[in-house]
Amino acid sequence: MASSSSSSSRPSQAPRQHPPHGRSAFSYLSRSIDGQPPSGLSVRSKAPAASRRSVTPNSRTRPNGDDASVSTTEPARVRVAVRLRPRNTEDLLSDADFADCVELQPELKKLKLKKNNWSSESYRFDEVFSESASQRRVYEVVAKPVIESVLNGYNGTVMAYGQTGTGKTYTLGRLGKDEASERGIMVRAMEDIISSTSPASDSIEVSYLQLYLEAVQDLLAPEKINIPIVDDPKTGEVTLPGAVVVKIRDLHHFLQLLQTGEANRHAANTKINTESSRSHAILMVNIRRSVHEEENDTPIQENNSGKDFSNSVGIPIIRKSKLLIVDLAGSERLDKSGSEGYLIEEAKFINLSLTSLGKCINALAENSPHIPTRDSKLTRLLRDSFGGSVRTSLIITIGPSSRHYAETTSTIMFGQRAMKVVNMVKLKEEFDYESLCRKLENQVEHLTVEIDREQKLRDNDRIEMERKLKECQKSFAETEKCLVTRSEFLEKENVRLETEMKDTLKELNCLKDQNDYMQGEAARLEMNLIHSKQYQLESSSYQKVLADTTQMYEKKIAELMKQLEEEQIHSERAEKQLDGMEKLLNDHKKSMQQQYQMESSMYQKALADTTQMYERKIAELNQQLDDKHACFEISEELEKTKKLLSDHQKLNQLQGKKEIDEVRMKLQESHRLHQKAANELEFIKSEYKVLLTEKAKLMDELNAARKNLLIEEKQRKAVESELLKLKKLAPENEEDFEDKRSYMKENISQPLSSHKSNQSRETILGQRATIAKICEEVGLEKILQLLASGDIDVQIHAVKVVANLAAEDINQTKIVEEGGLDALLMLLRSSQNTTILRVASGAIANLAMNEMNQFLIMSKGGAQLLANIASRTDDPQTLRMVAGAIANLCGNGNLKEKLHASLREDGAVKALLGIVQSGNSDVIAQVARGIANFAKCESRGIIQAGHRRGRSVLVEDGMLTWLIANSNTASASSRRHIELALCHLAQNDDNARDIISSGGVKELERISVESTREDIRSLAKKILRLSPTFSAETHADR
């Protein structure tokens, strides 16, 4: 459907004119220029109108030598368009054997009314709209010229007339909240008016009324039920002083008002129209626009001082215009509408007011001297619209049914007579003295306020400067005081530092004296050191020999002692660690210990004696060395000691070497055995520790497993209790587990099902909230584990909860990650319960709405499982769930060719053809949707690849025959999907031969004309036009 019209308005081509004042719109006499009595010239005459004098003192004047204001007029015929309503279901059922009584020729702007096959009459209108005409085109042709005139200062009227149920309210008052292209003339006109005006300088005011039972009622204030109609004595215009006038802020505000008015309007259900308007609705829009001087066509001449003043001051000019949009109630016959009771009274008043309107139109068309405008309130309200000073467009609506031939003829004749009415449109432009006065008053007030503000600012500045001066003086005094105090403190600090410096100088002098003394002492010590070094050089040779010998023996003794200690430590550790090997090593250990102790004791005793002797000798020598006078005796003793040491050294070396070798061999053997036993002990201990660690670990794991089992047992009991509570809350009908998104468009076209869904919406939302709460408390993982429960009731309730969770996008990824998809597929493989199979198939259908899940389902064999279930069940609800899941798998927009092949190999495509054998309308609708999805993806892949790939899989599997045979099915949803599938199959040239042979070309032609969807009709027309094969076949049939 077309979008809303452009916001910019085209400038009117009509010359600038002045508004009429003090003159009746339906009057047929004109006032002469010199003020003489009116002549016999009729306003309805098609001859050019003479100039008339305006009597309004504030009207804009065009001086021409005097002060009189001149208003020019222009004749404008009432424009009439006709719109044909499409055939509805009642027309299709009632007129199945009869042709339409109306034949349109839009290109010639003609309409042919057929009474029968041999009698017809042609009528010409300003515009003829077929049943496929969009709301936008109707607005641009019928109403937009009137709106542009209204914006340029002229009054305008847009009116709809016709039989009840032919689309008047749809054409004028459609809100189009969901679809902007459905908006009617009221909304589109207000949208253009708002976009063409400025909120700062212009104003838009709206009143919304209805004429019900010959009483004017306010739709914006329903309590006002009898508003009087008054003729303005100054302007001669019709006014409604009691009506509510609302200033429009924006389009949203207007839509709210319009919706409020429509809710208060009287409507009823009749046999002809389920929502028949029982009143005439009138939307009155008053526009006040400011005109800049440069926009005027003719500048104002300056002939006197008054005009000079007005030009010098710059008096603003305003244009006042009024727009009427009239939605007339439809005429009806009681025998056809079936009205009873109070509806009969409503129909009488409706027909009476429409009859009065028809009489006025007849009188105007025939140039009658008397116009009966006071016969009805409707004709009084529309007095200016026909024969007055208003630019008027009329759209008449008719139906195609031959059952209403008389009503259609009456409507057409009304339009033909209205085309003969000529109005004298006039421009309404005035000087806005009040606005100028308000502007000047505002400027004076603004200047006064500005002067006061400036004076107040100067006073405030003076006070602020005085305050700052006082603060600066106070701060200066405080700063001066702080500086004096700081100076006194610095003087005291200087005296203190001088005293400390004197004390520091005294300490430095003392340290200098001490340094000199220490240097003298160091020199003396250096001399003593030199003498000591000379003495040490003399005795160093003797001391070196003694020290080397002593050091050698001490080192050997230390090594032996260390070895003994290490052996004792190792022995003690071995005794403690080798409890298990005491019997094997006891004898060897005792013999080795005795022998080793004897030899060690002997060696230690000899070594101790020798050591004591040498220590004693060394002590004596050291004592002798201390005595400076015993140098000679020391040398002799040293010679003797040297000889004794050399002899003893040789003896000890021979004996000690032999003993050391024996001890070394024994120690090595003992060490080897000890090392072996220690290694075995360490290995046994390590294995024992490993066993202890494993034992402790197994005990911990066992305790943890016991705790987990207890916790899981408690949780399982809690989940089972919660699931039992859900028996009343969880939906028992499988329809609640379907993916609502996949069928949203279908439900829009089915009012009854939508109404049912609205009634249960609160219940479903409450159930899902409860299930989501349980899922949060129990955890999705625990719920999925219950799918494998041995209790069939637990399985049923668990799979219902999972299916409800899968209906939400936010839960689908988590279900798949936790293994829910695998669990559902396992149920499809193993379960024989019909309820489980039905609900699990619905859950798979919900998960299949996600593209990633589609690949997972197909890779895990989900399509084959669904096909198997379809082959072994006859339950229509289960078949509907299976068909919906397969349809979602077919609906992948990025489906690759190999996945097409997978669907065919797994039997999913043939399963759809087998499912339709059930005959259930809901099942057939899902099958049609799946075939349409498959064909759409297939055709998209062919187009994107840039070349053809042979016949379609659907054609090879025999789907084409079924599609053509069921293309006229009663279900609107199924029919729409079948039509879409045929169009997509026809896009592949390789399918053309099969389509032609099976009669598919005729179906495409029918779809291009009769399809309820405009996009499908356009696609069918495009295929028939672009395909040379189909074009040739079409021409051959003709």
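Student: Which elements count as cover for the buried residues of helix 18?

Tutor: They include helix 16 (780-785), helix 17 (792-806), helix 19 (820-830), helix 20 (834-847) and helix 21 (851-859). Contact here means heavy atoms within 4.5 Å, and helices are DSSP runs of H or I with at least four residues, numbered from the N terminus, while strands are E runs of at least two. This is a predicted model, where local features need pLDDT of at least 70, side-chain atom pairs count only at pLDDT 80 or more, and totals for chains, interfaces and linings use all residues. Residues are numbered from 1 along each chain as its sequence is written, and side-chain values use heavy atoms, with hydrogens and water left out.

Student: Which residues of helix 18 are buried, and why are they said to line one face?

Tutor: In helix 18 (residues 809-817), the buried ones are Gln812, Ile815 and Val816. Seen down the helix axis, they fall within an arc of 90°, so they line one face; the arc is taken over directions from the axis to the C-beta atoms. Ile810 and Glu817, on the other side of helix 18, are exposed. Just after the helix, glycine 819 has a positive phi of about 90°.

Student: Why is histidine 984 called buried?

Tutor: Buried means under 20% relative accessible area, exposed over 50%, and partly exposed in between (1.4 Å probe, protein chains only). Histidine 984 has 11% relative accessibility, so it counts as buried. This residue lies in helix 29 (residues 972-986). Leaving aside residues up to four places away in sequence, histidine 984 touches Ala932, Ala935, Lys936, Ser939 and Leu1019.

Student: What makes a space a cavity, and how many cavities of 30 Å³ or more does the search find?

Tutor: A cavity is a set of points on a 1 Å grid over the protein atoms alone where a 1.4 Å probe fits but cannot get out; lining residues have an atom within 4 Å of a point. The search of the whole structure finds eight.

Student: Which residues line the largest cavity, and which classes do they fall into?

Tutor: Of its 14 lining residues, Val238, Lys322, Leu324, Leu381 and Asp384 lie nearest the centre. Strand 9 (155-162), strand 17 (280-291) and strand 18 (317-327) each supply at least two, and strand 9 gives the largest share, three residues. By class, seven are nonpolar, four polar and three charged.

Technical notes
On a 1 Å grid over the protein atoms alone, a cavity is a set of points where a 1.4 Å probe fits but cannot get out, and a pocket is an open set with protein on both sides within 12 Å along at least five of seven lines; lining residues have an atom within 4 Å of a point. Grid points are joined across faces, edges and corners, and a volume is the space filled by probe spheres set on the points. Ala, Val, Leu, Ile, Met, Phe, Trp, Tyr, Cys and Pro count as nonpolar, Asp, Glu, Lys and Arg as charged, and the others, Gly among them, as polar.
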